[in-house]
Amino acid sequence: MDIPSKYEPQKVENHWYDYWMNHNYFHSTPDDREPYSIVIPPPNVTGILHMGHMLNNTIQDVLIRRARLQGKNACWVPGTDHASIATEAKVVAKLKEQGINKADLTREEFLKHAWDWTHEYGGVILEQLKKLGCSCDWDRTAFTMDDTMSASVIKVFVDLFNKGLIYRGYRMVNWDPEAKTTLSDEEVIYEEKQGLLYYLSYLIEGSDEKVTIATTRPETILGDTAICINPNDERYAHLKGKKAIVPICNRAIPIIEDEYVDIEFGTGCLKVTPAHDINDKALGEKHDLETIDIFNADATMNSFGMHYQGKDRFVVRKEIKKELEEKGFLVKTENYVNKVGTSERTKAVIEPRLSEQWFLKMEDLVKPAIKSVLETDDINFFPKKFENTYRHWMENIRDWNISRQLWWGQQIPAYYFGDGQNDFVVAESKEEALEMAKKKSGDTSLVLENLRQDADVVDTWFSSWLWPMTVFNGILEPENEDIKYYYPTSDLVTGPDIIFFWVARMIIAGYEYRDEKPFENVYFTGIVRDKQRRKMSKSLGNSPDALKLIENYGADGVRVGLLLSSAAGNDLLFDEDLCQQGKNFANKIWNGFRLVKGWEVKDLPQPEASKLGIEWYKAKFNQTLAEIEDHFSKYRISDALMAIYKLIWDDYSSWLLEIIKPAYQQPIDKTSFDEVIGIFENNLKLLHPFMPFLTEEVWQHIAERTPEEALVVAQWPKMDKVDEVLIRQFEFASEVISGIRTVRKEKNIPMKESLELLVLNTENDKGKWDAVIKKLTNVSDISYVDAAVEGALTFRVKSNEYFIPISGAVDIEAEINKIEEELKYTEGFLKSVQKKLSNERFVNNAPENVIAIERKKQADAEAKIATLQKSLASLK
């Protein structure tokens, strides 16, 4: 078989991916094997491959490919999330470019545009994952807006409503004025921002007295409905029961008392705006205050904003400051840093807003999910430290606001038939809702046209929290074969940033709908950062183009690069040089393979060195395999790769191939050749989950293979007993080899010049490894002596001493001069260290660690002088 001189990933990768796809290796159906299933964290349908996806999906592919090699029925379900806010924003922007305003469209018209956009641009990321080598069961590709998915979401909504867990409530919510929708608390990012604290004076009704309040938002004074003071604050006791006049709008508002007010903060007086602050809302309810909402949905002022109507809140802030100043209400301003909530998706500053929304009661739902992770260990987190984050979220959980004021998503299945507060029903279909509405209202004349469905959609997470069940249709058909076989899934690989958004909620849903955990283990990857520790992002421009990396280094090179810089749960400091290291590793394996396949093979007796080398490597392989299995059991994926990397680069390439390599232009014996090919195949099996393309290419070049014999479906090596003694003996022999090589290098003795080695032996098997030592160092003869050899170069390995007679190989005079020069320098260095240590002032004042370093320098110099003196004596 013709083996190309270079490994070219661009030519190889598409070929093998197509081969795997054509032979259906990634597809899984239930059978009698042990199942191993993973569901992909569904990327946004709008997304493209970035470094976080690359890391996350590489790890998933490593796990799924290894499970396949272990003989498990491996099923990796891919898919995408409809991403309500992100996708709707993109569709709205595209329509805007075409001169179309969303407000001018019907819901049906808009949804047609959204589906067209999704079909045209959506799912690009799944195609890109194939470039990375991801072995997903593409026949099972799911989308959170698929018919079965949507029907499952609606069924769950109706079920939870019927259980009394979903309710409508008029609440203060996080409002994104750009997307014009609510956000859950977890979708709000708080950032410290420099602003101003405005001190404003309010006139007391019927007097000339004024009271000063401090606020960061002067534009909201037009919504004030009270001033609040602390009943224990003697400064303001005389104001009890009086009224204050709101500047500009001149509205009289009551002065109320509540211990909520912090006497020490600001002026001790608080303006109360119940429509625009969650704490003010609580005060408003307690004291029965009026609620005045001054904002439109896009955070422009409404009619309560008076002459500022129609202007944006931040424009008004600047203009109202000027007006307050001109009219004498602005006392002063101070610089003030406060935390401002921004939308995770649109980056808009969040506006607290009173709104009627749908909520899910969480208090009881979370109990089984808390128990399974924190008490019974039914679900294991890797690294374990993330259990603390999980605990914090779950023990401080609030009811989940599940409605969004959008059109893209699953429409809430609530149908209104009248104007009363309770004139609605919740049902899976409009037809079912009609029958329920007739019954509830007593009006049998109602027809479908009389029903008006709630305009909102459910939060995107309300569909993805069902993902491990809905991908196997486990909500609509809870007893189907797939869900019973693949659920609970085996491993979940995700980022810690969605531990509450998604991980916790999937666990909650799993226990509620199957009374079972959704997965066994959760592996949290770190965040991909650049060398300056900055999070990689498009806005910073520090994120490399994922596909360009694959083009430059090959998919395998990038996979290795990512994993070499990634430790479980710790942030990944990505360095493109590591991808080059991955590419170099691929080339090393390829060249090693070409070397072996280039040897002529003959029926010859097996040399002793080759026999020993192969025995040792098999022991080393078993030792490394045990280490790899341990790493995988603890989800230390990078450590597993590093163990394989060292095994192949150091033990296989640098040692074993050198040991068995035939002399120049000489054949290799068939026994050694066959053994080394078998060893190489086992190496490829271990490496395949990490470098699938390279390993399959080499595997298929080793021999003609049927599709059933492809590496992708080969058998993971079985662990055998580890011969620790053999490994220790080889380590000793390798130190001897290194010692001889060092002598050659230091004394400029060429490799072609054979040496004699004499051994003063007190440990290790006498003579067992001599054949290997001779082969790798060009030593013609090894003999064992009872006393030190004079006039020879010497080195030690543990308590053995080795002598190399120098005869004509070394210029003795030059060697003596060299050693004397080094001895003189070392003696001078020792004197300087001793001088420092004899200085009492230095010893008394220097830190302990500094003194310890100096003492070590002294000991090292003394040891070196003794060695040099001994070498000198042997040469004279």
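Strand β15 and strand β23 (residues 519-524) pair in the parallel sense over 3 bridges, where two strands count as paired if DSSP finds at least two bridges between them. Helices (H or I, at least four residues) and strands (E, at least two) are DSSP runs, numbered from the N terminus.

The open sheet has 3 strands in the order β15-β23-β22, with parallel pairing. β15 (380-382) and β22 (489-494) are the edge strands, and each has a single partner strand, so one side of each is left without a neighbour in the sheet. On average, and with direction ignored, neighbouring strands of this sheet are turned by 20° against each other. Helix α2 (residues 51-69) packs on the sheet and touches β22 and β23, while its direction makes about 155° with that of β22. Here contact means heavy atoms within 4.5 Å, and axes are lines fitted to C-alpha atoms, for helices over the stretch in contact, with angles that run from 0 to 180 degrees between N-to-C directions.

## Basis of the values

Residues are numbered from 1 along each chain as its sequence is written, and side-chain values use heavy atoms, with hydrogens and water left out. Because the model is predicted, local features need pLDDT of at least 70 and side-chain atom pairs count only at pLDDT 80 or more, whereas totals for chains, interfaces and linings use all residues.

Most residues other than glycine have a negative phi, and most peptide bonds are trans. The peptide bond from F382 to P383, however, is cis, with omega near -5°, and P383 lies in the loop between β15 and α10 (386-395). Another cis peptide bond joins Y487 and P488, with omega about 0°; P488 is placed in the loop between α14 (481-486) and β22.

R533 is not a glycine, yet it has a positive phi of about 70°. R533 lies in the loop between β24 (528-529) and α16 (546-564), and it counts as exposed because its relative accessibility is 53%. N778, also not a glycine, has a positive phi of about 55° and is found in the loop between α23 (770-777) and β29 (779-785). With a relative accessible area of 24%, N778 is partly exposed. Buried means under 20% relative accessible area, exposed over 50%, and partly exposed in between (1.4 Å probe, protein chains only).

## Two crossing helices

The axes of helix α17 (residues 576-597) and helix α19 (residues 637-660) come within 11 Å and cross at roughly 35°. Their crossing is left-handed, a term used if the near helix is turned anticlockwise from the far one by less than a right angle, and right-handed if clockwise.

Residues of α17, including F585, I589 and L595, meet a group in α19 that includes W649, Y652 and L657. By class, this contact of α17 with α19 has 9 nonpolar, 4 polar and 1 charged residues. Ala, Val, Leu, Ile, Met, Phe, Trp, Tyr, Cys and Pro count as nonpolar, Asp, Glu, Lys and Arg as charged, and the others, Gly among them, as polar.

A disulfide is a covalent bond between the sulfur atoms of two cysteines. Under the rule that a disulfide is a pair of cysteine sulfur atoms within 2.5 Å, the count comes to 0 disulfides. C75 is in no disulfide, and the nearest cysteine sulfur, that of C136, is 9.7 Å away. C75 is also buried, with a relative accessible area of 0%. The sulfur of C249 is too far for a bond, because the closest cysteine sulfur, in C269, is 17 Å from it.
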